[in-house]
Amino acid sequence: MTADMPQKARASQAERSASALDRRMDGEHLPRRPQWQCLMCEAGTPWPCHPARVRLAEAYGPDRIGLSTYVGGLLFIVALELPDVTPAEMYERFVAWTR
């Protein structure tokens with residue numbers, strides 16, 4: 001996604017990323033939206049939880065750039081649904097673990 005991409009197009013692309021989660025996660029450890037908490041882990045566990053991170057890493061294999069691009073794409077939706085979470089916290093939670 002480029003900085004000059006219209007917001008509507010970015011939102012559409014981000015929503016496609018979010019809708020692909022069920023397939024990528026085999027229906028397990030999905031996020032409860034708009035809270036972005038794991039549906040399977042202990043109540044209040046932030047998503048992506050550890051099992052979700054493992055599943056996503058396995059789905060992308062050695063393609064760490066693809067993985068970080070995918071979860072980075074989710075940030076657009078997360079930023080809208082969790083407006084009180086700081087950008088630094090969102091980055092740590094959603095992207096930093098992909099390194």
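1. Start with the helix pair. Helix α3 (residues 50–60) packs against helix α4 (residues 64–81) at an angle of about 130°, and the two axes are 8 Å apart. The model is predicted, so please read every value here as computed from it. At that angle, α3 and α4 are oblique to each other. The cut-off matters here: an angle has to be over 145 degrees to count as roughly antiparallel. The crossing of α3 past α4 is right-handed.

2. Which residues make the contact between α3 and α4? From α3 come Leu56, Ala57 and Tyr60. From α4 come Arg64, Gly66, Leu67, Tyr70 and Val71. By class, the residues of this contact divide into 6 nonpolar, 1 polar and 1 charged.

3. Look next at Leu56, which sits in helix α3. Is Leu56 buried or exposed? Leu56 counts as buried, because its relative accessibility is 0%. Leaving aside residues up to four places away in sequence, Leu56 touches Arg24, Met25, Trp47, Leu67, Tyr70, Val71 and Trp97. Among these partners, Leu67, Tyr70 and Val71 belong to the α4 side of the helix contact. Leu56 and Tyr70 are 14 residues apart along the chain, and their C-alpha atoms are separated by 9.6 Å.

4. Helix α4 also holds Gly73. Gly73 is buried, with a relative accessible area of 6%. How far apart in space are Gly73 and Phe94, C-alpha to C-alpha? The distance is 9.7 Å, and the two residues are 21 apart in sequence.

5. Now the cysteines. How many disulfides does the structure hold? The count is 0. Cys38 is in no disulfide, and the nearest cysteine sulfur to it is that of Cys41, 3.6 Å away. The cut-off for a disulfide is a pair of sulfur atoms within 2.5 Å. Cys38 is buried, at a relative accessible area of 2%. Cys41 is partly exposed, at 23%.

6. His29 touches both of these cysteines. Where is His29 found? It is in the loop between α2 (21–24) and β1 (31–32). His29 is buried, with a relative accessible area of 12%. Not counting residues up to four places away in sequence, it touches Cys38, Met40, Cys41, Trp47, Cys49, Pro51 and Ala52.

7. Finally, the whole protein. Its secondary structure comes to 5 helices and 2 strands. What is the order of the elements from the N terminus on? They run α-α-β-β-α-α-α. The protein has 99 residues, and 35% of them count as buried. Leu56, Gly73, Cys38 and His29 are examples. Among contacts between residues at least 6 apart in sequence, 49% join residues at least 24 apart.

Methods: Residues are numbered from 1 along each chain as its sequence is written. This is a predicted model: local features need pLDDT of at least 70, side-chain atom pairs count only at pLDDT 80 or more; totals for chains, interfaces and linings use all residues. Side-chain values use heavy atoms; hydrogens and water are left out. Buried means under 20% relative accessible area, exposed over 50%, partly exposed in between (1.4 Å probe, protein chains only). Helices (H or I, at least four residues) and strands (E, at least two) are DSSP runs, numbered from the N terminus. Contact means heavy atoms within 4.5 Å. Axes are lines fitted to C-alpha atoms, for helices over the stretch in contact, and angles run from 0 to 180 degrees between N-to-C directions. Angles under 35 degrees count as roughly parallel, over 145 as roughly antiparallel, 65 to 115 as roughly perpendicular and the rest as oblique. A crossing is left-handed if the near helix is turned anticlockwise from the far one by less than a right angle, and right-handed if clockwise. Ala, Val, Leu, Ile, Met, Phe, Trp, Tyr, Cys and Pro count as nonpolar, Asp, Glu, Lys and Arg as charged, and the others, Gly among them, as polar.
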